[in-house]
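I opened this model to look up its ligand sites, its nonpolar cores and a few loop residues. My notes follow the order in which I checked them.

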Amino acid sequence: MTKIVVTGGAGFIGSNFVHHLYAKYPDYQITVVDKLTYAGNLRNLESVLRSGRVTFERLDICDPAIGDAFARAEMVIHFAAESHVDRSIEDAEAFVRTNVNGTWNVVEAARGHKVSRFLHVSTDEVYGSLGPQGRFTETMPLVPTSPYAATKAASDLLVQAAVRTHGFPAIITRCSNNYGPYQFPEKFIPLMIVQALAGRSLPVYGDGQQVRDWIHVSDHCRALDAVLHGGRVGEVYNIGGDAERANLDIVRTILKTLGRDESLIEHVTDRKAHDRRYAMDSAKLLAELGWRPQWNFEDGLADTICWYQANQAWLAETRSGDYRNYFERHYVHREKTFAL
Ligand code: NAD
Ligand code: TDX
(Lines give C-alpha, C1' and ligand atoms only; values in the text may rest on other atoms or scores of the structure.)
(Ligands and ions follow the chains in the order given, each with its own letter.)
Protein backbone atom coordinates (compact mmCIF):
# COMPACT_ATOMS: atom_id res chain seq x y z
CA MET A 1 0.00 0.00 0.00
CA THR A 2 1.22 3.50 -0.84
CA LYS A 3 0.53 6.00 1.92
CA ILE A 4 -0.52 9.50 0.89
CA VAL A 5 -1.31 12.33 3.33
CA VAL A 6 -3.95 14.86 2.28
CA THR A 7 -3.99 18.01 4.44
CA GLY A 8 -7.27 19.93 4.34
CA GLY A 9 -9.00 16.83 2.96
CA ALA A 10 -12.33 17.67 4.61
CA GLY A 11 -12.65 20.95 2.70
CA PHE A 12 -14.09 21.56 -0.74
CA ILE A 13 -11.26 20.68 -3.13
CA GLY A 14 -9.49 18.36 -0.69
CA SER A 15 -12.55 16.14 -0.25
CA ASN A 16 -13.16 16.02 -4.00
CA PHE A 17 -9.52 14.98 -4.40
CA VAL A 18 -9.83 12.25 -1.76
CA HIS A 19 -12.82 10.83 -3.68
CA HIS A 20 -10.78 11.01 -6.88
CA LEU A 21 -7.80 9.18 -5.34
CA TYR A 22 -10.00 6.64 -3.67
CA ALA A 23 -11.75 5.70 -6.90
CA LYS A 24 -8.63 5.65 -9.08
CA TYR A 25 -5.94 4.12 -6.85
CA PRO A 26 -7.20 1.07 -4.92
CA ASP A 27 -3.71 0.44 -3.51
CA TYR A 28 -3.46 3.86 -1.82
CA GLN A 29 -3.86 4.28 1.91
CA ILE A 30 -5.14 7.85 2.31
CA THR A 31 -4.63 9.77 5.54
CA VAL A 32 -6.65 12.96 5.82
CA VAL A 33 -5.26 15.57 8.21
CA ASP A 34 -7.69 18.38 8.94
CA LYS A 35 -8.46 20.70 11.84
CA LEU A 36 -12.15 20.88 10.88
CA THR A 37 -12.46 24.64 10.94
CA TYR A 38 -15.81 26.08 9.82
CA ALA A 39 -14.73 25.11 6.26
CA GLY A 40 -14.08 21.44 7.04
CA ASN A 41 -16.99 19.03 6.80
CA LEU A 42 -16.44 15.33 7.50
CA ARG A 43 -19.73 14.50 5.84
CA ASN A 44 -17.95 15.22 2.56
CA LEU A 45 -15.93 12.06 3.21
CA GLU A 46 -18.62 9.91 4.80
CA SER A 47 -18.77 7.24 2.08
CA VAL A 48 -15.00 6.74 1.78
CA LEU A 49 -14.32 6.81 5.53
CA ARG A 50 -16.35 3.62 5.80
CA SER A 51 -13.91 1.77 3.58
CA GLY A 52 -10.97 1.50 5.98
CA ARG A 53 -8.70 2.74 3.18
CA VAL A 54 -9.20 6.37 4.23
CA THR A 55 -8.33 7.42 7.77
CA PHE A 56 -8.90 10.77 9.39
CA GLU A 57 -6.80 12.64 11.92
CA ARG A 58 -8.16 15.80 13.45
CA LEU A 59 -5.01 17.90 13.63
CA ASP A 60 -4.04 21.53 13.32
CA ILE A 61 -1.25 21.88 10.75
CA CYS A 62 0.41 24.40 13.09
CA ASP A 63 0.75 21.73 15.79
CA PRO A 64 4.45 20.78 16.18
CA ALA A 65 3.34 17.18 16.86
CA ILE A 66 1.81 16.86 13.40
CA GLY A 67 4.84 14.87 12.20
CA ASP A 68 3.48 11.53 13.44
CA ALA A 69 0.81 11.63 10.75
CA PHE A 70 3.52 11.71 8.07
CA ALA A 71 5.33 8.56 9.20
CA ARG A 72 5.84 6.16 6.25
CA ALA A 73 4.08 8.55 3.87
CA GLU A 74 5.37 8.51 0.31
CA MET A 75 3.41 11.53 -0.87
CA VAL A 76 1.80 14.61 0.65
CA ILE A 77 -0.69 16.93 -0.99
CA HIS A 78 -1.19 20.13 0.95
CA PHE A 79 -4.62 21.79 0.64
CA ALA A 80 -5.15 22.97 4.23
CA ALA A 81 -5.56 26.74 4.31
CA GLU A 82 -7.84 29.57 5.23
CA SER A 83 -9.29 30.19 1.78
CA HIS A 84 -11.90 32.98 1.76
CA VAL A 85 -10.75 36.43 0.63
CA ASP A 86 -13.53 38.36 2.43
CA ARG A 87 -12.63 36.78 5.76
CA SER A 88 -8.98 37.74 5.27
CA ILE A 89 -10.03 41.35 4.75
CA GLU A 90 -11.96 41.27 8.04
CA ASP A 91 -9.16 39.62 10.02
CA ALA A 92 -6.03 38.06 8.54
CA GLU A 93 -4.60 36.49 11.69
CA ALA A 94 -5.79 32.93 11.04
CA PHE A 95 -4.53 33.26 7.45
CA VAL A 96 -1.01 34.14 8.55
CA ARG A 97 -1.05 31.40 11.14
CA THR A 98 -2.37 28.55 8.99
CA ASN A 99 -1.23 29.49 5.50
CA VAL A 100 2.27 30.67 6.43
CA ASN A 101 3.30 29.07 9.74
CA GLY A 102 1.18 25.98 9.14
CA THR A 103 2.62 25.40 5.66
CA TRP A 104 6.15 25.65 7.01
CA ASN A 105 5.29 23.18 9.76
CA VAL A 106 3.89 20.76 7.17
CA VAL A 107 6.99 21.14 4.99
CA GLU A 108 9.25 20.41 7.95
CA ALA A 109 7.19 17.38 8.98
CA ALA A 110 7.24 16.00 5.43
CA ARG A 111 10.97 16.68 5.16
CA GLY A 112 11.61 14.96 8.49
CA HIS A 113 9.86 11.85 7.22
CA LYS A 114 11.63 12.00 3.86
CA VAL A 115 8.51 11.93 1.71
CA SER A 116 9.34 11.38 -1.94
CA ARG A 117 6.83 13.89 -3.32
CA PHE A 118 5.08 16.98 -1.96
CA LEU A 119 2.44 18.93 -3.84
CA HIS A 120 1.62 22.42 -2.60
CA VAL A 121 -1.81 23.59 -3.78
CA SER A 122 -1.63 27.28 -4.53
CA THR A 123 -3.77 29.78 -6.38
CA ASP A 124 -3.85 32.23 -9.29
CA GLU A 125 -4.45 35.03 -6.77
CA VAL A 126 -0.74 35.15 -5.98
CA TYR A 127 -0.22 36.85 -9.36
CA GLY A 128 -2.49 39.80 -8.47
CA SER A 129 -4.95 41.30 -10.95
CA LEU A 130 -4.90 41.46 -14.77
CA GLY A 131 -6.12 44.20 -17.10
CA PRO A 132 -8.38 43.30 -20.03
CA GLN A 133 -5.59 41.53 -21.95
CA GLY A 134 -3.10 38.74 -21.25
CA ARG A 135 -3.02 35.70 -19.01
CA PHE A 136 -0.97 34.60 -16.01
CA THR A 137 2.11 32.49 -16.77
CA GLU A 138 4.26 30.66 -14.24
CA THR A 139 7.18 33.07 -14.60
CA MET A 140 5.23 36.20 -13.69
CA PRO A 141 6.10 38.00 -10.46
CA LEU A 142 3.94 37.46 -7.38
CA VAL A 143 2.00 40.65 -6.59
CA PRO A 144 -0.87 39.57 -4.34
CA THR A 145 -3.44 42.15 -3.30
CA SER A 146 -5.61 40.58 -0.57
CA PRO A 147 -4.23 39.34 2.77
CA TYR A 148 -5.37 35.84 1.73
CA ALA A 149 -3.38 36.01 -1.50
CA ALA A 150 -0.36 37.46 0.32
CA THR A 151 -0.28 34.51 2.73
CA LYS A 152 -0.60 32.05 -0.15
CA ALA A 153 2.28 33.81 -1.95
CA ALA A 154 4.35 33.59 1.24
CA SER A 155 3.66 29.87 1.49
CA ASP A 156 4.65 29.39 -2.18
CA LEU A 157 7.96 31.10 -1.49
CA LEU A 158 8.60 29.00 1.61
CA VAL A 159 8.00 25.82 -0.38
CA GLN A 160 10.33 27.05 -3.14
CA ALA A 161 12.95 27.91 -0.51
CA ALA A 162 12.75 24.36 0.87
CA VAL A 163 13.27 22.98 -2.65
CA ARG A 164 16.33 25.16 -3.26
CA THR A 165 17.87 24.99 0.20
CA HIS A 166 17.17 21.42 1.20
CA GLY A 167 16.43 19.64 -2.06
CA PHE A 168 12.87 19.12 -0.82
CA PRO A 169 10.91 17.23 -3.53
CA ALA A 170 8.06 19.72 -3.87
CA ILE A 171 5.94 20.89 -6.80
CA ILE A 172 3.55 23.87 -6.76
CA THR A 173 0.27 24.18 -8.65
CA ARG A 174 -1.61 27.46 -9.04
CA CYS A 175 -5.24 27.06 -9.98
CA SER A 176 -8.04 29.43 -10.92
CA ASN A 177 -11.52 29.66 -9.32
CA ASN A 178 -13.07 26.27 -8.63
CA TYR A 179 -16.75 25.37 -8.51
CA GLY A 180 -18.61 22.09 -8.01
CA PRO A 181 -19.96 19.75 -5.31
CA TYR A 182 -19.20 20.33 -1.60
CA GLN A 183 -18.17 23.98 -1.94
CA PHE A 184 -18.98 25.93 1.20
CA PRO A 185 -21.77 28.41 0.39
CA GLU A 186 -19.80 31.51 1.34
CA LYS A 187 -18.04 31.35 -2.05
CA PHE A 188 -19.59 33.07 -5.04
CA ILE A 189 -21.20 30.26 -7.07
CA PRO A 190 -22.71 28.17 -4.24
CA LEU A 191 -23.81 31.33 -2.41
CA MET A 192 -25.65 32.58 -5.49
CA ILE A 193 -27.27 29.15 -6.04
CA VAL A 194 -28.42 29.00 -2.42
CA GLN A 195 -29.83 32.51 -2.52
CA ALA A 196 -31.63 31.92 -5.81
CA LEU A 197 -33.08 28.61 -4.57
CA ALA A 198 -34.48 30.40 -1.52
CA GLY A 199 -35.74 33.41 -3.51
CA ARG A 200 -33.47 35.76 -1.56
CA SER A 201 -31.38 38.59 -3.05
CA LEU A 202 -28.07 37.82 -4.76
CA PRO A 203 -25.32 40.20 -3.52
CA VAL A 204 -23.11 41.25 -6.45
CA TYR A 205 -20.04 43.26 -5.46
CA GLY A 206 -19.70 46.58 -7.31
CA ASP A 207 -20.58 46.50 -11.00
CA GLY A 208 -20.25 42.70 -11.26
CA GLN A 209 -17.91 42.99 -14.24
CA GLN A 210 -15.00 41.28 -12.46
CA VAL A 211 -13.79 38.27 -14.44
CA ARG A 212 -12.68 34.91 -13.08
CA ASP A 213 -11.41 31.85 -14.97
CA TRP A 214 -13.73 29.11 -13.70
CA ILE A 215 -12.72 25.47 -13.45
CA HIS A 216 -14.82 22.50 -12.39
CA VAL A 217 -13.28 20.92 -9.29
CA SER A 218 -13.07 17.51 -11.00
CA ASP A 219 -10.87 19.01 -13.73
CA HIS A 220 -8.68 20.52 -11.01
CA CYS A 221 -8.43 17.09 -9.33
CA ARG A 222 -7.37 15.46 -12.62
CA ALA A 223 -4.69 18.12 -13.03
CA LEU A 224 -3.43 17.62 -9.47
CA ASP A 225 -3.27 13.87 -10.06
CA ALA A 226 -1.25 14.43 -13.25
CA VAL A 227 1.19 16.78 -11.52
CA LEU A 228 1.51 14.65 -8.39
CA HIS A 229 2.45 11.58 -10.42
CA GLY A 230 4.20 13.11 -13.43
CA GLY A 231 5.23 16.68 -12.66
CA ARG A 232 8.83 17.77 -12.31
CA VAL A 233 10.14 18.56 -8.82
CA GLY A 234 10.82 22.26 -8.24
CA GLU A 235 8.39 23.34 -10.97
CA VAL A 236 5.27 25.49 -10.83
CA TYR A 237 2.24 24.53 -12.95
CA ASN A 238 -0.72 26.80 -13.71
CA ILE A 239 -4.15 25.18 -13.90
CA GLY A 240 -7.01 27.07 -15.54
CA GLY A 241 -10.49 26.30 -16.78
CA ASP A 242 -10.39 28.22 -20.08
CA ALA A 243 -13.67 29.76 -18.99
CA GLU A 244 -13.44 33.48 -18.31
CA ARG A 245 -16.82 34.80 -17.22
CA ALA A 246 -17.97 38.05 -15.61
CA ASN A 247 -19.66 37.64 -12.23
CA LEU A 248 -22.89 39.30 -13.37
CA ASP A 249 -23.21 36.93 -16.32
CA ILE A 250 -22.89 33.93 -13.99
CA VAL A 251 -25.55 35.31 -11.68
CA ARG A 252 -27.90 35.80 -14.64
CA THR A 253 -27.29 32.22 -15.82
CA ILE A 254 -28.03 30.84 -12.34
CA LEU A 255 -31.25 32.83 -12.09
CA LYS A 256 -32.36 31.73 -15.56
CA THR A 257 -31.58 28.07 -14.83
CA LEU A 258 -33.63 28.21 -11.64
CA GLY A 259 -36.47 30.19 -13.22
CA ARG A 260 -35.91 33.21 -10.98
CA ASP A 261 -36.23 36.88 -11.84
CA GLU A 262 -33.24 39.19 -12.32
CA SER A 263 -34.83 41.60 -9.85
CA LEU A 264 -33.20 39.39 -7.17
CA ILE A 265 -29.81 40.85 -8.16
CA GLU A 266 -28.60 43.37 -5.60
CA HIS A 267 -25.47 45.42 -6.29
CA VAL A 268 -23.73 45.85 -2.93
CA THR A 269 -20.57 47.67 -1.78
CA ASP A 270 -17.53 46.43 -3.64
CA ARG A 271 -14.85 44.25 -1.99
CA LYS A 272 -11.77 46.27 -0.95
CA ALA A 273 -8.93 46.03 -3.50
CA HIS A 274 -11.17 43.78 -5.60
CA ASP A 275 -9.06 42.08 -8.29
CA ARG A 276 -10.58 42.86 -11.68
CA ARG A 277 -9.59 39.89 -13.77
CA TYR A 278 -7.87 36.52 -13.48
CA ALA A 279 -7.00 34.34 -16.49
CA MET A 280 -4.67 31.37 -16.56
CA ASP A 281 -2.30 30.16 -19.21
CA SER A 282 -2.07 26.39 -18.65
CA ALA A 283 0.05 25.69 -21.74
CA LYS A 284 2.89 24.22 -19.67
CA LEU A 285 0.61 21.61 -18.12
CA LEU A 286 -0.80 20.70 -21.52
CA ALA A 287 2.64 20.45 -23.12
CA GLU A 288 4.28 18.42 -20.33
CA LEU A 289 1.46 16.25 -19.04
CA GLY A 290 -1.26 16.44 -21.70
CA TRP A 291 -3.85 17.85 -19.30
CA ARG A 292 -6.68 20.05 -20.43
CA PRO A 293 -10.04 20.81 -18.80
CA GLN A 294 -12.92 18.56 -19.90
CA TRP A 295 -15.89 20.49 -18.56
CA ASN A 296 -17.55 23.20 -20.58
CA PHE A 297 -18.45 25.92 -18.05
CA GLU A 298 -22.19 26.13 -18.77
CA ASP A 299 -22.57 22.33 -18.49
CA GLY A 300 -20.49 22.30 -15.30
CA LEU A 301 -22.55 25.08 -13.78
CA ALA A 302 -25.83 23.34 -14.66
CA ASP A 303 -24.48 20.12 -13.12
CA THR A 304 -23.43 22.01 -9.98
CA ILE A 305 -26.85 23.64 -9.62
CA CYS A 306 -28.40 20.15 -9.85
CA TRP A 307 -26.00 18.90 -7.17
CA TYR A 308 -27.05 21.61 -4.72
CA GLN A 309 -30.73 20.97 -5.50
CA ALA A 310 -30.24 17.24 -4.92
CA ASN A 311 -28.26 17.69 -1.71
CA GLN A 312 -30.61 19.83 0.35
CA ALA A 313 -29.76 17.93 3.55
CA TRP A 314 -26.03 18.73 3.15
CA LEU A 315 -26.93 22.32 2.44
CA ALA A 316 -29.31 22.67 5.37
CA GLU A 317 -26.73 21.18 7.75
CA THR A 318 -24.04 23.45 6.36
CA ARG A 319 -26.18 26.53 6.71
CA SER A 320 -27.45 25.69 10.20
CA GLY A 321 -23.93 24.87 11.43
CA ASP A 322 -25.02 21.38 12.45
CA TYR A 323 -22.28 19.81 10.30
CA ARG A 324 -19.84 20.98 12.94
CA ASN A 325 -21.25 18.46 15.43
CA TYR A 326 -20.70 15.54 13.08
CA PHE A 327 -17.20 14.81 14.37
CA GLU A 328 -18.28 14.78 18.01
CA ARG A 329 -21.40 12.71 17.27
CA HIS A 330 -19.47 10.01 15.44
CA TYR A 331 -15.98 9.96 16.85
CA VAL A 332 -15.59 11.66 20.18
CA HIS A 333 -15.44 8.35 22.03
CA ARG A 334 -12.86 6.85 19.69
CA GLU A 335 -9.14 7.08 19.21
CA LYS A 336 -7.62 10.12 17.54
CA THR A 337 -7.01 8.09 14.37
CA PHE A 338 -9.91 6.17 12.95
CA ALA A 339 -11.89 4.99 10.03
CA LEU A 340 -15.64 4.65 10.28
P1 NAD B 1 -11.70 25.14 2.01
O2 NAD B 1 -11.73 26.39 2.81
O3 NAD B 1 -12.97 24.57 1.48
O4 NAD B 1 -10.99 23.96 2.83
C5 NAD B 1 -9.87 24.19 3.63
C6 NAD B 1 -9.69 22.98 4.57
O7 NAD B 1 -8.51 23.21 5.35
C8 NAD B 1 -10.85 22.78 5.53
O9 NAD B 1 -11.21 21.42 5.58
C10 NAD B 1 -10.29 23.24 6.86
O11 NAD B 1 -10.87 22.58 7.98
C12 NAD B 1 -8.81 22.91 6.71
N13 NAD B 1 -7.95 23.74 7.57
C14 NAD B 1 -7.98 25.09 7.72
N15 NAD B 1 -7.07 25.48 8.64
C16 NAD B 1 -6.45 24.35 9.07
C17 NAD B 1 -5.42 24.09 10.00
N18 NAD B 1 -4.84 25.07 10.72
N19 NAD B 1 -5.04 22.80 10.20
C20 NAD B 1 -5.60 21.79 9.51
N21 NAD B 1 -6.60 21.98 8.62
C22 NAD B 1 -7.02 23.24 8.40
O23 NAD B 1 -10.69 25.44 0.82
P24 NAD B 1 -10.69 24.94 -0.70
O25 NAD B 1 -11.51 25.88 -1.51
O26 NAD B 1 -10.98 23.49 -0.73
O27 NAD B 1 -9.16 25.21 -1.07
C28 NAD B 1 -8.18 24.21 -0.81
C29 NAD B 1 -6.83 24.74 -1.21
O30 NAD B 1 -6.84 25.10 -2.59
C31 NAD B 1 -6.40 26.00 -0.45
O32 NAD B 1 -5.03 25.91 -0.19
C33 NAD B 1 -6.69 27.13 -1.43
O34 NAD B 1 -5.82 28.22 -1.22
C35 NAD B 1 -6.44 26.45 -2.75
N36 NAD B 1 -7.20 26.99 -3.90
C37 NAD B 1 -8.54 27.14 -3.85
C38 NAD B 1 -9.24 27.59 -4.96
C39 NAD B 1 -10.73 27.75 -4.95
O40 NAD B 1 -11.28 28.25 -5.93
N41 NAD B 1 -11.45 27.32 -3.92
C42 NAD B 1 -8.54 27.91 -6.13
C43 NAD B 1 -7.14 27.76 -6.14
C44 NAD B 1 -6.48 27.27 -5.03
O1 TDX C 1 -21.16 37.61 -2.31
C2 TDX C 1 -20.30 37.70 -3.20
N3 TDX C 1 -20.49 38.56 -4.24
C4 TDX C 1 -19.58 38.74 -5.24
O5 TDX C 1 -19.81 39.55 -6.16
C6 TDX C 1 -19.07 36.93 -3.18
C7 TDX C 1 -18.80 35.96 -2.06
C8 TDX C 1 -18.17 37.12 -4.20
N9 TDX C 1 -18.40 38.01 -5.20
C10 TDX C 1 -17.40 38.16 -6.27
C11 TDX C 1 -15.99 38.42 -5.80
C12 TDX C 1 -15.15 37.78 -6.90
O13 TDX C 1 -15.00 38.69 -7.98
O14 TDX C 1 -17.34 36.91 -6.97
C15 TDX C 1 -16.00 36.61 -7.37
C16 TDX C 1 -15.60 35.28 -6.76
O17 TDX C 1 -15.52 35.47 -5.35
P18 TDX C 1 -15.04 34.29 -4.37
O19 TDX C 1 -15.90 33.10 -4.55
O20 TDX C 1 -14.91 34.88 -3.00
O21 TDX C 1 -13.63 33.90 -5.02
P22 TDX C 1 -12.27 34.72 -5.22
O23 TDX C 1 -12.19 35.89 -4.35
O24 TDX C 1 -12.11 34.93 -6.70
O25 TDX C 1 -11.23 33.60 -4.71
C26 TDX C 1 -11.40 32.21 -5.06
O27 TDX C 1 -10.53 31.83 -6.09
C28 TDX C 1 -9.17 31.69 -5.79
C29 TDX C 1 -11.22 31.30 -3.85
O30 TDX C 1 -12.09 31.70 -2.81
C31 TDX C 1 -9.80 31.26 -3.39
O32 TDX C 1 -9.64 30.34 -2.33
C33 TDX C 1 -8.95 30.84 -4.56
O34 TDX C 1 -7.59 30.90 -4.19
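**Entry 1**

I am working with a predicted model. I read local features only where pLDDT is at least 70.

**Entry 1: ligand 1**

I started with the surroundings of ligand 1. Which residues come nearest to it? I listed 28 residues around ligand 1, and Ile13, Asp34, Ser83, Tyr148 and Lys152 come nearest.

Next I looked up polar contacts. I found a side-chain N or O atom of Ser83 at 2.6 Å from an oxygen atom of ligand 1. For Tyr148, a polar side-chain atom lies 2.6 Å from an oxygen atom of the ligand. Leu36 uses its backbone: a polar atom there is 3.5 Å from an oxygen atom of ligand 1.

How much of ligand 1 does the protein bury? Taken alone, ligand 1 exposes 840 Å², and the protein buries 97% of that.

I then sorted the shell by element. Helix H1 (12-24), strand E5 (117-123) and helix H5 (147-166) each give two or more residues to the shell around ligand 1. E5 has the largest share, with three residues. By class, I noted 13 nonpolar, 11 polar and four charged residues in this shell.

**Entry 2: ligand 2**

I found 22 residues around ligand 2, and the closest are Thr123, Glu125, Tyr148, Arg271 and His274. Tyr148 is a name I had already noted among the residues nearest to ligand 1.

A nitrogen atom of ligand 2 is 2.8 Å from a polar backbone atom of Pro203. I also noted a side-chain contact: a polar atom of Asn177 lies 2.8 Å from an oxygen atom of ligand 2.

Taken alone, ligand 2 exposes 660 Å², of which the protein buries 93%. The elements with two or more residues in its shell are helix H3 (85-90), H6 and strand E8 (202-205). The shell around ligand 2 splits into nine nonpolar, seven polar and six charged residues.

**Entry 3: nonpolar cores**

The largest nonpolar core has 67 residues. Ile30, Ile77, Ile189 and Ile254 have the most contacts inside it. Which helix gives the most to this core? I found helix H6 (residues 188-198), with seven residues.

Beyond four places in sequence, Ile77 is in contact with Ile4, Val5, Val6, Thr7, Phe17, Leu119, Val121 and Leu224. Among these, Leu119 and Val121 fall within the range of E5.

Another core lies apart from the largest one. I counted 31 residues there, among them Ala109, Tyr127, Ala153 and Tyr278.

**Entry 4: Ser146**

I found Ser146 in the loop between E5 and H5. Is this residue buried or exposed? Ser146 is buried, because its relative accessible area is 8%, under the 20% cut-off. The side chain of Ser146 reaches the backbone nitrogen of Ala149 at 3.0 Å. Not counting residues up to four places away in sequence, Ser146 touches Val85, Ser88 and Glu125. Glu125 is also one of the residues closest to ligand 2.

I located Gln294 in the loop between helix H9 (283-289) and helix H10 (297-310). Gln294 is exposed, since its relative accessible area of 63% is over 50%. Beyond four places in sequence, Gln294 is in contact with Asp219 and Arg222.

I then took the distance from Gln294 to Asp242. They are 52 residues apart in sequence and 10.0 Å apart in space, C-alpha to C-alpha. Asp242 lies in the loop between strand E11 (236-239) and strand E12 (244-246). Asp242 is exposed too, with a relative accessible area of 59%.

**Entry 5: positive phi**

Last, I checked backbone angles. Asp242 is not a glycine, yet has a positive phi of about 55°. Tyr182, also not a glycine, has a positive phi of about 70°. I found Tyr182 in the loop between strand E7 (178-179) and H6.

Technical notes
Residues are numbered from 1 along each chain as its sequence is written. Chains are lettered from A and ligands numbered from 1 in the order in which they are written. This is a predicted model: local features need pLDDT of at least 70, side-chain atom pairs count only at pLDDT 80 or more; totals for chains, interfaces and linings use all residues. Side-chain values use heavy atoms; hydrogens and water are left out. A residue is near a molecule or strand if one of its heavy atoms lies within 4 Å of it. A polar contact is a pair of N or O atoms within 3.5 Å; within protein, one must be able to donate a hydrogen and the other to accept it, and residues adjacent in sequence count only if both atoms are side-chain atoms. Accessible areas come from the Shrake-Rupley method with a 1.4 Å probe; for residues, only the protein chains shown count as cover. Helices (H or I, at least four residues) and strands (E, at least two) are DSSP runs, numbered from the N terminus. Ala, Val, Leu, Ile, Met, Phe, Trp, Tyr, Cys and Pro count as nonpolar, Asp, Glu, Lys and Arg as charged, and the others, Gly among them, as polar. A nonpolar core is a set of buried Ala, Val, Leu, Ile, Met, Phe, Trp, Tyr and Cys residues joined through side-chain atoms within 4.5 Å. Buried means under 20% relative accessible area, exposed over 50%, partly exposed in between (1.4 Å probe, protein chains only). Contact means heavy atoms within 4.5 Å.
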